[in-house]
Amino acid sequence: MGNCIQGCKDYFSRQKNTNIRLTLPVVCFVWQIAMIILFGVFIRYDEESDTHWVETKAHENITSDIENDFYFRYPSFQDVHVMIFVGFGFLMTFLKRYSFGAVGFNFLIASFGLQWALLMQGWFHSLDPQTGKIFIGVESLINADFCVAGCLIAYGAVLGKVSPVQLLVMTLFGVTLFAVEEYIILNLLHARDAGGSMVIHTFGGYYGLAISRVLYRPNLHQSKRMQGSVYHSDTFAMIGTLFLWMFWPSFNSAITDHGDGQHRAVINTYLCLASTVLTTVAISSLSQKTGKLDMVHIQNSTLAGGVALGTAAEFMISPYGALIVGFLCGIISTMGYIFISPFLEKTLKIQDTCGVHNLHAMPGVIGGIVGAITAAAASESVYGKQGLINTFDFTGDFKDRTVLTQGGYQAAGMCVSIVFGVVGGAIVGSILKLPIWGDPADENCFDDEVYWELPDEEEEHQESIPPILEYNNHMIHKQQELSESNFSVEHCES
């Protein structure tokens, strides 16, 4: 028995092999071929993207193409798509030597994840029982991007510590878990969560944190030299922050009902985000004896308001209510980076690279609580009778549900997202812990050189030379060449 245990320890602690020349191509080729086959079997255009749209218009007395859902949803889809590929990618470029991995692996995860999400969400939400097909349109693309966002949030917790093969495996299971918990929360519990505070952020945050805990590296300090940022890497990360900050109103309103619900979601998110910036700056300044600002806080905590208002974005929370949520989130998220992140790493052994607990998990829980309270406090005098029905979708099997009951189901939805994130992350983390995925050694974490071809150091040094100094160096070398040439000519003449 002792030999068996020792054998297992030796197997898991053996030297890391980061050569993924075979495993990464095999996974990419096999999974993409599988996507092609599955799409061929299941995926079809919906009635608004099919060539039979002309017949649909005539049958339903639609007089203009402008009534096609594409024209309502595409601007929001475009904004959400930019957030996924540019916002999330650049937000994670703060590490001094991991910009390629941040943007490049973000690109890889999102590209695979959105395909798998269209299938998983289609099987749970829009599978036609008569034809056995999944019909997709522009709203399906938005929901797939939302699903991918949960996996990108989880990536932030393990940034720089895993291989691209591990990330693809994490995304495969993450999308699957997301589709199941989304179906339970939105369909079975009938909770409302337009901006995904619970479904996306709470799940994604705790999913990543649980994985990070299972993959805990006691010797991660060996790569401490790589864990910091430099001036230009923080600037690039701030680009991601600004893209996310500007487009977050579209994120929270993208799949809400046309008309007042979408309009209200934009206004509420817009105000909440603005309020969050001021309190983030205030707490960041107070946390330093000199009153200076910490770029980590500005890059991340300024976005927490958008996360926290995701559930209640379309509710009648009122403009001042949105400002209050933003006010509180800026404080709580920034305090999280100052106090909670060190506690998580030291006591709970959770190495959260990007601080997703403070930007996504904790604000997501706040969003779930705000949504539950706002739903339970809703009244016909504020919403109107039809307004209550439209906002909370009190139709069909849920037509007799009261607002107090709705508030309870909102809270239950938050609990479901936490459970799926923690338990699912623990299971997936155990799979990723197997020493077959090509993950880096402790001393090589947070370094692009492990998985990327990097520019030659000499070329990097040359590019970093200021133009004037480069010109002067060029002239010095030119004069040396001329003097050598003159010497050689005189030598020949003599």
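**Close-up views of a predicted model**

**View 1. Aspartate 69 and arginine 73 form a salt bridge, with 3.7 Å from N to O.** A salt bridge here is a side-chain nitrogen of Lys or Arg within 4 Å of a carboxyl oxygen of Asp or Glu. The model is predicted: local features need pLDDT of at least 70, side-chain atom pairs count only at pLDDT 80 or more, and totals for chains, interfaces and linings use all residues. Residues are numbered from 1 along each chain as its sequence is written, and side-chain values use heavy atoms, without hydrogens and water. Aspartate 69 and arginine 73 are 4 residues apart in helix H4 (residues 69-91), so about one helical turn separates them. Helices are DSSP runs (H or I, at least four residues), numbered from the N terminus. Both aspartate 69 and arginine 73 are buried (under 20% relative accessible area; exposed is over 50%, partly exposed in between; 1.4 Å probe, protein chains only). A network of salt bridges links Asp69, Arg73 and Glu139. The whole structure holds 8 salt bridges.

**View 2. Aspartate 447 pairs with arginine 97 in a salt bridge (3.8 Å, N to O).** The two residues are 350 residues apart and link distant parts of the chain. Aspartate 447 sits in the loop between helix H17 (403-432) and helix H18 (457-464). Arginine 97 sits in the loop between H4 and helix H5 (99-126). Aspartate 447 is buried, at 9% relative accessible area. Arginine 97 is partly exposed, at 22%.

**View 3. Arginine 217 and aspartate 442 form a salt bridge, their closest N and O atoms 2.7 Å apart.** Arginine 217 lies in the loop between H8 and helix H9 (231-253), and aspartate 442 in the loop between H17 and H18, so the pair ties together parts 225 residues apart in sequence. Arginine 217 and aspartate 442 are both buried.

**View 4. Helix H8 (residues 197-214) packs against helix H14 (residues 356-376) at about 140 degrees, with axes 8 Å apart.** H8 is therefore oblique to H14. Axes are lines fitted to C-alpha atoms over the stretch in contact, and angles run from 0 to 180 degrees between N-to-C directions. Angles under 35 degrees count as roughly parallel, over 145 as roughly antiparallel, 65 to 115 as roughly perpendicular and the rest as oblique.

**View 5. Helix H2 (residues 23-42) and helix H7 (residues 164-188) cross at roughly 30 degrees, their axes coming within 9 Å.** That makes H2 roughly parallel to H7.
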